[in-house]
Amino acid sequence: ILNKQGLEEILVEHRIDQVVHFSALLSAIGEQNVTLALQVNIEGFHNIIDLCKMHELKLFCPSTIGAFGPETPRNPTPDLTIQRPKTIYGVSKVYMELLGEYYQHRYGLDFRSARFPG
């Protein structure tokens, strides 16, 4: 996920037209190694979204209940609500959601995401 050139070679060689991006370090490991979590979850996602933009690929990235925090209203949680996660995993998911929305608006990228329960 951190080798952008290698990822691009795979996308081109196999004529990929859509990407489902699940690569991320979850909270348990991410909290033990924040630097690695930032590399995998943020830099890795940026590599994927940039390649999808460059090659006009569709992109689906799952999000999670981890994108919320203790201040978020519960049951039912609104789609548009406060997001103040307390883990690096949650922070990276908020980043992913917002950057995906930005790329969709700015570049027309077909970006989709869904929040799955923990």
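## Note on cavities, cysteines and salt bridges

1. Sorted by class, the lining of the largest cavity has six nonpolar, four polar and one charged residues; here Ala, Val, Leu, Ile, Met, Phe, Trp, Tyr, Cys and Pro count as nonpolar, Asp, Glu, Lys and Arg as charged, and the others, Gly among them, as polar. The model is a predicted one, in which local features need pLDDT of at least 70 and side-chain atom pairs count only at pLDDT 80 or more, while totals for chains, interfaces and linings use all residues. Residues are numbered from 1 along each chain as its sequence is written, and side-chain values use heavy atoms, with hydrogens and water left out.

2. On the overall layout, the protein has four helices and three strands (DSSP runs numbered from the N terminus, H or I of at least four residues for helices and E of at least two for strands), and from the N terminus on these elements follow the order α-β-α-α-β-α-β. Taken along the principal axes, the C-alpha atoms fill a box of roughly 45 × 30 × 20 Å. Of the 118 residues, 36% are buried, where buried means under 20% relative accessible area, exposed over 50%, and partly exposed in between, with a 1.4 Å probe and protein chains only.

3. To return to the cavity, the structure holds one cavity of 30 Å³ or more, and the volume of the largest cavity is about 80 Å³. On a 1 Å grid over the protein atoms alone, a cavity is a set of points where a 1.4 Å probe fits but cannot get out, a pocket is an open set with protein on both sides within 12 Å along at least five of seven lines, and lining residues have an atom within 4 Å of a point; points are joined across faces, edges and corners, and a volume is the space filled by probe spheres set on them. The residues that line the largest cavity include His21, Phe22, Phe45, Cys61, Pro62 and Met96. Helix H3 (34-55), strand E2 (58-64) and helix H4 (88-107) each supply at least two residues of this lining, and H4 gives the most, with three residues.

4. The largest pocket contains about 460 Å³ of space and is lined by 20 residues, of which Asp79, Gln83, Glu97, Ser113 and Arg115 lie nearest its centre. H4 and strand E3 (111-116) each contribute at least two residues to the lining of the largest pocket, with the largest share, six residues, coming from E3. By class, this pocket lining has nine nonpolar, six polar and five charged residues.

5. In one of them lysine 53 pairs with aspartate 50, with the closest N and O atoms 4.0 Å apart; the two residues stand three apart in helix H3, so about one helical turn separates them. Lysine 53 is partly exposed at 28% relative accessibility, whereas aspartate 50 is buried at 13%. Lys4, Asp50 and Lys53 are linked in a network of salt bridges.

6. Another salt bridge joins the side chains of lysine 86 and glutamate 71 at 3.6 Å, N to O. Both lysine 86 and glutamate 71 lie in the loop between E2 and H4, so the pair ties together parts that are 15 residues apart in sequence. Lysine 86 is exposed, at 55% relative accessibility, and glutamate 71 is partly exposed, at 44%.

7. Aspartate 110 and arginine 112 also form a salt bridge, in which the closest N and O atoms are 2.7 Å apart. Aspartate 110 is partly exposed, with a relative accessible area of 22%, while arginine 112 is exposed, at 53%.
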